[in-house]
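I kept these entries while going through the model. They run in the order in which I looked things up.

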Amino acid sequence: MTPEEKAAYYESRRGRNKAIGFSLAGVCVLFFLITLVKLGVM
Amino acid sequence: MENLGVRLTAPHAAVLQPAAPLIDVAHWRDYVDLLKPRIMLLVVFTGIAGMVAAPGALDGGIHPIIAFTAILCLTFGAGAAGAINMWYDRDIDALMQRTASRPIPAGKVAPEAALSFALFVAAASCFVMAFAVNWLAAGLLAFAIWFYGMFYTMWLKRRTPQNIVIGGAAGAFPPMIGWAAVTGDVTLLPILLFAVIFLWTPPHFWALALVANQDYGKTGVPMLPNVAGKAITRQHILSYTVALSLVAIAPWALGMTGIVYGIAAAVLSLLYCISSAEIFITKTNAAAWRGFGYSIFYLFALFGALIVDRTGILI
């Protein structure tokens with residue numbers, strides 16, 4: 001792997017990790033809100 | 001017409017499989033592209049329209065967070081079906097100018113990664129729909145994903161020129177799912193909304209196929225213009241548009257919607273019939289392009305009118 005390929009690889013992996021992180025955070029918030037609705041709190 | 005029943009199969013062996021990337025350099029946006037965001041937009045819009053049309057939707061019939069969850073599941077479920085389609089069709093996508101830049105044929109995402117992603121998103125969207133919304137909406141969503149991702153993509157598309165006619169049902173589910181998310185049942189109005197998209201899909205795609213038939217011809221996919229000829233296709237576009245117009249007006253004629261929807265459906269359908277008649281009479285690619293463009297506007301405007309009719313927004 002050339003240095004340019006390695007840099008591209010790390011950059012794309014970082015982007016994917018961030019996207020997964022944000023998605024998981026979003027799902028956690030959504031599940032929390034759904035639970036509140038189902039419990040009749042909201 | 002006599003050769004419409006011919007079963008054809010794409011020459012799989014003759015097409016090149018796109019090369020998978022040696023290292024995973026896929027950007028997160030490539031995974032978003034796998035979900036066919038433009039189609040997701042249409043799904044969201046028609047799903048919201050179905051939801052708004054349901055009785056009680058605007059009077060506390062569904063909690064806003066549950067409604068948001070339902071639309072989210074519907075959107076990602078439709079996206080997952082699109083990703084399964086892209087995974088299976090990667091061989092023919094590489095041959096068509098319109099689809100060659102999709103993430104898999106472009107070598108940005110490995111096919112195995114795309115399939116894993118698609119199956120995970122499909123399962124997650126159905127699971128959340130089932131537990132957060134209701135089982136009927138989840139069942140319809142699962143059936144729609146199976147219908148498009150497997151029945152249409154893997155079986156129908158490469159075998160019969162009626163692929164779009166039957167496969168169109170897959171894209172017709174969103175308003176029905178939106179309705180089911182609110183009421184937990186399915187009645188005549190959501191079935192009519194289903195029928196509107198079902199009858200809209202063939203003339204929409206045939207107008208595109210009239211212009212891009214050489215592209216489809218390269219892949220061996222039996223689109224109507226390649227199998228039955230352009231004249232028959234133009235005739236079919238016109239007849240389906242007339243049938244669509246009758247079904248589009250039916251909700252108002254049967255007293256299920258207000259005058260706003262009725263007038264919009266009548267005017268929009270009349271213009272669509274004129275556009276299809278132009279395709280039939282002039283036989284030009286320009287008319288087919290206009291018809292394709294108008295068909296997109298038609299569906300958005302028709303379901304937009306339903307939302308306006310129900311909510312009273314803009315009135």
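**Chain A**

I started with burial in chain A: buried residues make up 2% of its 42 residues. A residue is buried if 20 or more other C-beta atoms lie within 10 Å of its own, exposed if 12 or fewer, and partly exposed in between, with C-beta atoms placed from the backbone. This is a predicted model, in which local features need pLDDT of at least 70 and side-chain atom pairs count only at pLDDT 80 or more, while totals for chains, interfaces and linings use all residues. Residues are numbered from 1 along each chain as its sequence is written, and chains are lettered from A and ligands numbered from 1 in the order in which they are written.

I found 1 helix and 0 strands in chain A. Helices (H or I, at least four residues) and strands (E, at least two) are DSSP runs, numbered from the N terminus. The C-alpha trace of chain A spans about 55 × 10 × 5 Å along its principal axes.

**Contact of chains A and B**

I looked up the contact next: chain A puts in 13 residues and chain B 10. Contact here is two residues with C-beta atoms, placed from the backbone, within 7 Å. On the side of chain B that touches chain A, helix α3 (residues 64-88) of chain B gives the most, with 3 residues. I read that side by class as 7 nonpolar, 3 polar and no charged residues. Ala, Val, Leu, Ile, Met, Phe, Trp, Tyr, Cys and Pro count as nonpolar, Asp, Glu, Lys and Arg as charged, and the others, Gly among them, as polar.

**Helix α6 of chain B and its partners**

I took α3(B) with α6(B): the angle is about 15° and the axes are 9 Å apart. Axes are lines fitted to C-alpha atoms, for helices over the stretch in contact, and angles run from 0 to 180 degrees between N-to-C directions. The pair is therefore roughly parallel. Angles under 35 degrees count as roughly parallel, over 145 as roughly antiparallel, 65 to 115 as roughly perpendicular and the rest as oblique. Residues of α3(B) in this contact include Gly77(B) and Tyr88(B), and those of α6(B) include Tyr148(B) and Gly149(B).

I then took helix α5 (residues 111-133) of chain B, which packs on helix α6 (residues 135-156) of chain B at about 165°, with the axes 7 Å apart. α5(B) and α6(B) are therefore roughly antiparallel. Among the residues that meet are Ser125(B) and Met129(B) from α5(B), and Trp135(B) and Leu141(B) from α6(B). The contact of α5(B) with α6(B) has 11 nonpolar, 1 polar and no charged residues.

**Positive phi**

Lys36(B), not a glycine, has a positive phi near 50°. I placed Lys36(B) in the loop between α1 (28-34) and α2 (37-53) of chain B. Lys36(B) counts as buried, with 20 C-beta neighbours inside 10 Å.

Lys283(B) is not a glycine either, and its phi is positive at about 60°. Lys283(B) sits in the loop between α13 (259-282) and α14 (285-311) of chain B. I have Lys283(B) as partly exposed, with 13 other C-beta atoms within 10 Å.
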